[in-house]
Every structure is written in structure tokens, then in C-alpha cells.
Amino acid sequence: MRVLVVDDDDASRYLMASLLAGHGHEVVEARDGREALEAARSQPVDIVVTDILMPVMDGYTLAREWKSDPELAKAPLLFYTASYTEPADRRFAESLRVDGFFVKPQGPALPLPLVAERSGDRSAPPSCAPRA
């Protein structure tokens, strides 16, 4: 599966990308929403895991752009955030039609099944994360 990991923090992006690549996924990386849109439009992805708080284009704007593009919207978009963790933030993510929401930091037990579940990979164990 081709996964786009979007995070302006190099260490966080590296950790998520390494985790996913180590489990057989092809990983594309971007530092902000603008880079993510460019990358996905040039080579489609199966799913996006994105931070919210980023410069240039934040995750909220990325989600709006992603969901309004019929081709991009075919791929689920998951928020992975340390900044916006309150119930109101989850509700706002729901209003943007985000496909999942989880809080940093997490061990591999959460992101891997959530990515698999949201991408339609039924061979992975189900996630215990609440749906956004």
C-alpha cells in the first residue's frame, strides 16, 4: 500500500514513515499540505496520515482540499496530532469528513491497524481507535 505521511516535524515524520515502511508499505513523505497535494496529484496514494499543525498549509486545509478533489478523496485521510486533541477538535475533523483521528505519540499498535482498516486492507487486525 502507498501511504503519504505529512508532518513538518522531521523526527515525527521519520518515525511514522519508518514504522509503515518496516511493515511493507511504500511511503511518500511531505512536510506540509501543499507538498502533500503536489505529491498525491503526481502519483496517487492509497491513504494519507497527516499532522494538523503545519506551516504553509495545515492539516485542516489539506483535508478540505483533499475531500473536495474527486480523485484524491478516494484515498482515506487520517489525522495524527499532538496539538488538537480535545473533543471539539475531533468534532471539527468529523465535519471535514476525515476518516480517522489519533493522538501523538502512539506505539505501533494503533497506527498500523488504523491505516490498514481505513484503507480497506481486511487482512490486518482491527483498530481499537474511535472513528472520527
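Where is Thr50 found? Thr50 belongs to strand 3, which spans residues 47-50. Keep in mind that this is a predicted model.

Let's start with Thr50 and its surroundings. Thr50 has a relative accessible area of 0%, and because buried means under 20%, Thr50 counts as buried. Leaving aside residues up to four places away in sequence, Thr50 touches Val6, Gly59, Leu62, Leu77, Leu78, Phe79 and Tyr80.

Two of those contacts, Gly59 and Leu62, lead us to helix 3, where both are buried. Helix 3 covers residues 59-68, and Tyr60, Ala63, Trp66 and Lys67 are buried there too. These residues sit on the same side of helix 3, because they cover an arc of only 155° around the axis. Among the elements that cover them are strand 1 (2-6), helix 2 (33-42), strand 3, strand 4 (77-81) and helix 4 (87-95).

Next comes helix 2, with buried residues Gly33, Ala36, Leu37, Ala39 and Ala40. Down the axis, they fall within an arc of 165°, so they line one face of helix 2. This buried side packs against strand 1, strand 2 (26-30) and helix 3, while the face turned away from it carries the exposed residues Glu38 and Ser42.

| Helix | Side-chain oxygen of | Backbone nitrogen of | Distance |
|---|---|---|---|
| helix 2 | Asp32 | Arg34 | 2.9 Å |
| helix 3 | Asp58 | Tyr60 | within 3.2 Å |

In helix 2, Asp32 caps the N-terminal end.

Notes
Residues are numbered from 1 along each chain as its sequence is written. This is a predicted model: local features need pLDDT of at least 70, side-chain atom pairs count only at pLDDT 80 or more; totals for chains, interfaces and linings use all residues. Side-chain values use heavy atoms; hydrogens and water are left out. Helices (H or I, at least four residues) and strands (E, at least two) are DSSP runs, numbered from the N terminus. Buried means under 20% relative accessible area, exposed over 50%, partly exposed in between (1.4 Å probe, protein chains only). Contact means heavy atoms within 4.5 Å. The arc is that of the directions from the helix axis to the C-beta atoms. A polar contact is a pair of N or O atoms within 3.5 Å; within protein, one must be able to donate a hydrogen and the other to accept it, and residues adjacent in sequence count only if both atoms are side-chain atoms.
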